[in-house]
Amino acid sequence: STQSTWGKQQSIMSSYLVLSQAFYQREQGLRDLINKQKTGYLDADQQKQVNKDTLDIFLRFAKSDLAQQRDTANKLDKKLFQVLFEVLEVIQTETQSRMIFSYIFPTIDGMLFDDKRNLQNLTDLIVSQGDASSSVLKYLHNTFVKPDFDIIVYESCARILSIVYSNIQNPKFDRSKEDFLSLLLNIAEQSGKKKISEYCLVTCFVHFLKDQKTCVTFLNNNGIKTITSNFESHSTDLQVMYYNILCLWLISYTQESHPYFVKLEYKLIQSIIDVMQKISREKILRVACSTFKNLSENHDAVEVMVDCGLLRIVDVVVRGNIKDVELKEDLEFLGQLLEKNIRILTSFEKYTKEIAAIQLEWSPVHSERFWKDNVKKFEEGNFYYINELVKLLSSDKPKNQAIACYDLGEFCRFHPFGKNVIEKFDGKEKILELVNSTNSQVRELSLIHISEPTRLLSISYAVFCLKKKKQNYLSLYYCPHHMYIL
């Protein structure tokens, strides 16, 4: 439940309001509204505008506690929603009248969250009104685009629309459903302060992504960028990360989504693993493991899981006190899958695949052990792959340059003629050029591999190069395998 701790404690004044997700991290706004519950949220002039029967039902409902409101909702079915929207339609929308909107919209949000029967009643009301231009649906859309409402109104309205659309199966509503999803995606891409929060957006997306057809629309409209942005800006927020990974879990059921999980630019698998480490909660672990399980048939995705160190995380979690039996089974499944593939994925073929893609990533193939075991294989094709590594020193991607520097150094260290081979492809000159790189990792690794005596140059010559380039950050320290000059 998304109820706040404070809301849970309100045994007398508790209502559907406390169930609305619009009050996430806005506890004071919830307090203010509940403190006015006894007024019925309408002043005397406003009450005169409402039909007497409608007013009686509304005031009784608004002043009731949660148990009584649930009873009213069960008895009135669709009639209760008709009453709530009728009150909204007859009340003017001047600033002094906005409190009724801040009450009714979160209340409906709470009702939909609380009981699927309420959702079905509202859905039936909307569908019975004909098509996407029906009064209730049109009213919700118009409210969302109007200016000057409180963010609580906008967020409640967005969630109501998202939940209802996810429940409507009638194709007549498909166009308006996709239009509203596109609107939310446009809001997500906006820089600066948004109309609704990232938390609200990601909870809305969860409802849309329950439908595979909508998943494809989400992917085709750069929805993945919203997910990656949340990983970057809210990586320690439990609720945002839970819904963010929940989105990925829902998306992972569609084959169209799988290429996004293995594209290096999105780092989806790495981001999920990072969250598993930062927020070790069972709800996070459960949805993360379910996502990985959906990707288990995709060899490239499993490869990325291995490269990102998922096996180590799984081993740590399995040894912990996991109570969820299904989660334990998923962890054991992933552990077996990763162990089975790890030897394959640290092979020479994996390395050549990275070279062919012109995209190097820090992974098990860029390690001392790999070069010890495979250095002789690089003699194939007249040292073809060494030549390709030298070419990557001129890449416009700093990571490619850094890893190429590291690998050429390892090749030089373990191959008896490594220095001569690299010089043959003009690698020495290119590494020297990178000493002056603006990227600290590239600069460091280029210095490492020109400075160690068994590599390309002597220490004295490396120092000379640095002085010549007027570098002012010279220091010396020891590392188990190399002498570093930085």
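View 1. Leaving aside neighbours within four places in sequence, serine 162 is in contact with Phe180, Leu184, Cys204, His207 and Phe208; contact means heavy atoms within 4.5 Å. The model is predicted, so local features need pLDDT of at least 70 and side-chain atom pairs count only at pLDDT 80 or more, whereas totals for chains, interfaces and linings use all residues. Residues are numbered from 1 along each chain as its sequence is written, and side-chain values use heavy atoms, with hydrogens and water left out. Serine 162 is placed in helix α10, residues 151–167. Helices (H or I, at least four residues) and strands (E, at least two) are DSSP runs, numbered from the N terminus. With a relative accessibility of 0%, serine 162 counts as buried. Buried means under 20% relative accessible area, exposed over 50%, and partly exposed in between, with a 1.4 Å probe and protein chains only.

**View 2. The salt bridge between arginine 286 and aspartate 324.** The closest N and O atoms of this pair are 2.8 Å apart. Arginine 286 belongs to helix α18 (residues 282–294) and aspartate 324 to the loop between α20 (310–318) and α21 (325–342), so the pair ties together parts that are 38 residues apart in sequence. Arginine 286 is partly exposed, at 34% relative accessibility. A salt bridge is a side-chain nitrogen of Lys or Arg within 4 Å of a carboxyl oxygen of Asp or Glu; the structure holds 24 of them.

**View 3. The salt bridge between aspartate 330 and lysine 293.** Here the closest N and O atoms are 3.0 Å apart. Because aspartate 330 lies in helix α21 and lysine 293 in helix α18, the pair ties together parts that are 37 residues apart in sequence. Aspartate 330 is buried, at 6% relative accessibility, while lysine 293 is partly exposed, at 38%.

**View 4. The salt bridge between lysine 376 and glutamate 379.** The closest N and O atoms are 2.8 Å apart. Lysine 376 is exposed, with a relative accessible area of 51%, and glutamate 379 is partly exposed, with 30%. Elsewhere, salt bridges that share partners join Asp300, Glu303, Lys350, Lys353 and Glu354 into one network.

**View 5. The largest pocket.** Its volume is about 710 Å³. A pocket is an open set of points on a 1 Å grid over the protein atoms alone, where a 1.4 Å probe fits, with protein on both sides within 12 Å along at least five of seven lines; lining residues have an atom within 4 Å of a point. Grid points are joined across faces, edges and corners, and the volume is the space filled by probe spheres set on the points. Of the 28 lining residues, Val262, Lys263, Leu264, Val304 and Glu361 lie nearest the centre of the largest pocket. Two or more lining residues come from each of α14 (223–233), α16 (258–262), α17 (268–278), α19 (299–307) and α22 (348–357). Helix α17 gives the largest share, five residues. The lining has eleven nonpolar, four polar and 13 charged residues. Ala, Val, Leu, Ile, Met, Phe, Trp, Tyr, Cys and Pro count as nonpolar, Asp, Glu, Lys and Arg as charged, and the others, Gly among them, as polar.

**View 6. The second largest pocket.** This pocket has a volume of about 460 Å³. It is lined by 21 residues, and Leu112, Phe113, Ile163, His207 and Lys210 lie nearest its centre. The elements giving two or more residues to this lining are α7 (98–114), α8 (116–128), α10, α12 (198–208) and α15 (238–251). Helix α15 gives the most, with five residues. By class, the lining divides into ten nonpolar, five polar and six charged residues.
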